[in-house]
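Work through the exercises below with the model open beside you. Try each task before reading its solution.

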Amino acid sequence: MKNRVLVVDDEQSIVTLLQYNLEQAGFEVITAMDGEAGKQIAETQSPDIIVLDLMLPKMDGMEVCKQLRQNKIMTPILMLTAKEDEFDKILGLELGADDYMVKPFSPREVIARVKAILRRTQIQTEAAQVSGEETGLLQIGNLKINSDKYEAYFNDNLLELTLKEFELLLYLAQNKGRVMTRDQLLSAVWNYDFAGDTRIVDVHISHLREKVEVDTKKPAYIKTIRGLGYKLEEPKGE
């Protein structure tokens, strides 16, 4: 069965370019030309991944991303932006996008990013279907992470995490007590060249703290090691 990619962009030339190249690479492609239509398709046709433009009529990409995440639709989102403005990139990630690319881009790079994200979701799906003991279970304080099922719980409540948030949390947990630099995290979790754009790590750390810390200003789990990076540790008193 082919993976289904939803492309949402209001520039017909870009839609045509991406659709052609993605189909040549073996994907099924569905398209939308505005944000409202893209959101509706994402909610009703269950794409495997969404390639979402930032600037869209009727509803912009930021709002589409925000509403999908609020509705607990965790389909991976690759956001496209014509802007170099760092604020737009970071805001997109804060709203739940998994990755971003700045226009102009090469179709080959888009396909590479899409494949990398889908490889992870395929591992997630296959692992969730495997019966038997949960060998991938990690527990740190009140935080439980099941690497086989790509699920994480805090105080026994299932966390709503994007794919990248889960992978970052898992990597920190697998290296409990060890300081991980931002560059190490970029390499391990994003595994391609972000040209030193370590702010993407900070944004995802901030997201995780909102979900696993009682007090984000005094984190008990994910600690900042000033000048170095981050580490996940057993909280004191638990």
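The model is predicted: local features need pLDDT of at least 70, side-chain atom pairs count only at pLDDT 80 or more, and totals for chains, interfaces and linings use all residues. Residues are numbered from 1 along each chain as its sequence is written, and side-chain values use heavy atoms, with hydrogens and water left out.

**Exercise 1. Give the strand order of the five-stranded open sheet and name its edge strands.**

Step 1. Helices (H or I, at least four residues) and strands (E, at least two) are DSSP runs, numbered from the N terminus. Two strands pair if DSSP finds at least two bridges between them.

Step 2. The order reads β2-β1-β3-β4-β5, with parallel pairing.

Step 3. β2 (28-32) and β5 (99-102) pair on one side only, which makes them the edge strands.

Step 4. Check one pairing. Strand β1 (residues 4-8) is joined to β2 by five bridges. Val8 stands opposite Ala32 in β2.

**Exercise 2. Find the aromatic pair and state its geometry.**

Step 1. Rings of Phe, Tyr and Trp (its six-membered ring) pair if their centres lie within 6.5 Å; planes under 30 degrees apart are stacked, over 60 edge-to-face, the rest tilted.

Step 2. The structure holds one such pair. Phe154 and Tyr221 lie 5.6 Å apart, centre to centre, with 85 degrees between the planes: edge-to-face.

Step 3. Phe154 is in strand β8 (residues 151-154); Tyr221 is in the loop between α8 (199-212) and β11 (222-225), 67 residues apart.

**Exercise 3. Are Phe154 and Tyr221 buried or exposed?**

Step 1. Buried means under 20% relative accessible area, exposed over 50%, partly exposed in between (1.4 Å probe, protein chains only).

Step 2. Phe154 has a relative accessible area of 10%, so Phe154 is buried. Tyr221, at 1%, is buried too.

Step 3. Leu143 touches both Phe154 and Tyr221; contact means heavy atoms within 4.5 Å.

**Exercise 4. How do α6 and α8 cross?**

Step 1. Axes are lines fitted to C-alpha atoms, for helices over the stretch in contact; angles run from 0 to 180 degrees between N-to-C directions.

Step 2. The two axes come within 10 Å and cross at roughly 85 degrees.

Step 3. Angles of 65 to 115 degrees count as roughly perpendicular, under 35 as roughly parallel, over 145 as roughly antiparallel, the rest as oblique. α6 and α8 are therefore roughly perpendicular.

Step 4. Contact residues include Leu168 and Leu172 of α6, and Ile205 and Leu208 of α8.

Key. Lists of a residue's contacts leave out its neighbours within four places in sequence.
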